[in-house]
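I opened this notebook to record what I looked up in one structure. The entries follow the order in which I consulted it.

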Amino acid sequence: MSNLDRFGLTIPQLDSIIAEGLRGGGNWCDLYFEDTAYSNLLLRDGEVSSGGHHIDYGCGIRVLKGEKTGYAYSESTDLGSLLSAAKAAAAISQASNNAAPLSLPPCGIPAGNFYPMERDWSLAAVSEFVPFLKRIGEAITTREPRAIKVMATLSYSISHILMYNSLGELSSDTRPLGSLSVSAVFKQGERIEKQQAGLSFRQGSEMISDANLEYLVSKTIDGVDQLFEARRPKGGKMSVVMGAGASGILLHEAMGHAFEADFNRKGQSVFSDKMGSRICRKGINIVDDGTLPANRGACNYDDEGVAGQKTYMVTDGILTSFLHDRISAAWYNVAPTGNGRRESFRYNPIPRMRATYMESGTDGSLEDLIASVDKGIYVDQFANGQVKIGEGDFTFFVQSGSLIENGRLTMPVKDINIIGNGPQALADIQAVAGDLSVDPGTWTCGKEQSVPVSCGMPSVLVKNLTVGGE
């Protein structure tokens, strides 16, 4: 079944909805149809104790007049309901100032296929996955006797998307997404510690595999000894070595959001006037990429019908691009970068990241970076953080790491924060290793709406960050 047939509409009917949206003088109208089926299972106390399934179905309609956006949605896709929603969106857009209309650009490039789905989730019975979750719990408690509680969650969805706009562009996408999350509680004496792991891919039920089970179990129990040995070190300004992979969350939060074009268009980002300027050392490249096969952040199309692509925000240390949806691309007179994303048909698209990472450098290995530090901190997992987009100031909690003394890892550390400024941290990067890793975890970005993303980086050495310790 084509996605056009799925929603029971013809091209002439889509054109009539667009015409209704533009009837009041709007200069752009687009339609976003969605049919998503979600399922989940939860393992707790050794048993798969709950699960759920639901459908999200409807269409969002956007009308632009000048710089005013009107948005309405319908949970029904019969023609009458859609015409009423288009009329409502048009009415909202009438509250316009006299700004000249933006001429939104076309997609411009063909879309790829970045979802290598071997087996459609919808073809599998939920009962097939119960033994897999139970095996995860049994493996953790067998291999780590200190584990007193294990929870494992499988969630998966298939989204059928259809997009159409006043340029006559018709885009269709079928998006799989599977996620596995594991958390465990460990007890040694009177002390309690927790650890978690996750995997998420845009692929089918082939991700329910022995290899992924081993990854999750190992990730959950590795380093438990260090958790119980960890202490809070003395704080102060010092060098910080960030491990490859999940440390990319700091890149996403403290720097990536500041590259999103809506913040820059409004002058809210510290990078608003830095286009074309050097913002870090030569050799550093920072990318937002929608083309990594099976990646959680991959996009055949974004949610405006623009093809997924790889965007260099920083090239050889120079700021070369913001992340654009069609509106910001029109305002800056550049091509859209495929970053117009939304949580569902109920939301207007805005510039959002996909898979954000720094490319590998040429400064050796993680061990080389550690060996170059007399006194500092090595961090391999960050947890919660706070960022001020305008100033770029950030605070991140360190989930796991170690003290560096005389070029060697010594005491495991805990209960510390890394405090700094995003642009200054970029400028203070001293070395970038050649070990880029894009983390496969269940990352979700919550800028006004929730969307799946991923992040990564090679190991990097940053000087002069504040470590909040004793």
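**Entry 1: the model.** I noted that this is a predicted model, in which local features need pLDDT of at least 70 and side-chain atom pairs count only at pLDDT 80 or more, while totals for chains, interfaces and linings use all residues. Residues are numbered from 1 along each chain as its sequence is written, and side-chain values use heavy atoms, with hydrogens and water left out.

Entry 2: I looked up the strand order and found six strands in an open sheet, ordered 3-2-1-4-5-6, with antiparallel pairing. Strand 3 (68–74) and strand 6 (191–201) are the edge strands, each pairing on one side only. Helices (H or I, at least four residues) and strands (E, at least two) are DSSP runs, numbered from the N terminus; two strands pair if DSSP finds at least two bridges between them. On average, neighbouring strands of this sheet are turned by 20° against each other, direction ignored. Axes are lines fitted to C-alpha atoms, for helices over the stretch in contact, and angles run from 0 to 180 degrees between N-to-C directions.

I then followed strand 2 (residues 47–65), which pairs with strand 3 in the antiparallel sense over seven bridges. Ile61 has Ala72 in strand 3 as its bridge partner.

**Entry 3: the helices.** Helix 4 (residues 130–143) packs on the sheet and touches strand 1 (28–44), strand 2, strand 4 (147–165) and strand 5 (170–188); contact means heavy atoms within 4.5 Å. The direction of helix 4 makes about 145° with that of strand 4. Helix 5 (residues 210–221) lies across strand 5 and strand 6, running at about 150° to strand 6.

How do the axes of helix 4 and helix 5 cross? They come within 10 Å and cross at roughly 40°. I therefore recorded helix 4 as oblique to helix 5 (under 35 degrees is roughly parallel, over 145 roughly antiparallel, 65 to 115 roughly perpendicular, and the rest oblique). Among the residues that meet are Phe132 and Ile136 in helix 4 and Leu213 and Val217 in helix 5.

**Entry 4: two loop residues.** Most residues other than glycine have a negative phi. I found a positive phi, near 55°, at Asp45, in the loop between strand 1 and strand 2. Ala294 also has a positive phi, near 70°, and is found in the loop between strand 8 (286–289) and strand 9 (310–315).

Is each buried or exposed? Asp45 is exposed, at 58% relative accessibility, whereas Ala294 is buried, at 8%. Buried means under 20% relative accessible area, exposed over 50%, and partly exposed in between (1.4 Å probe, protein chains only).
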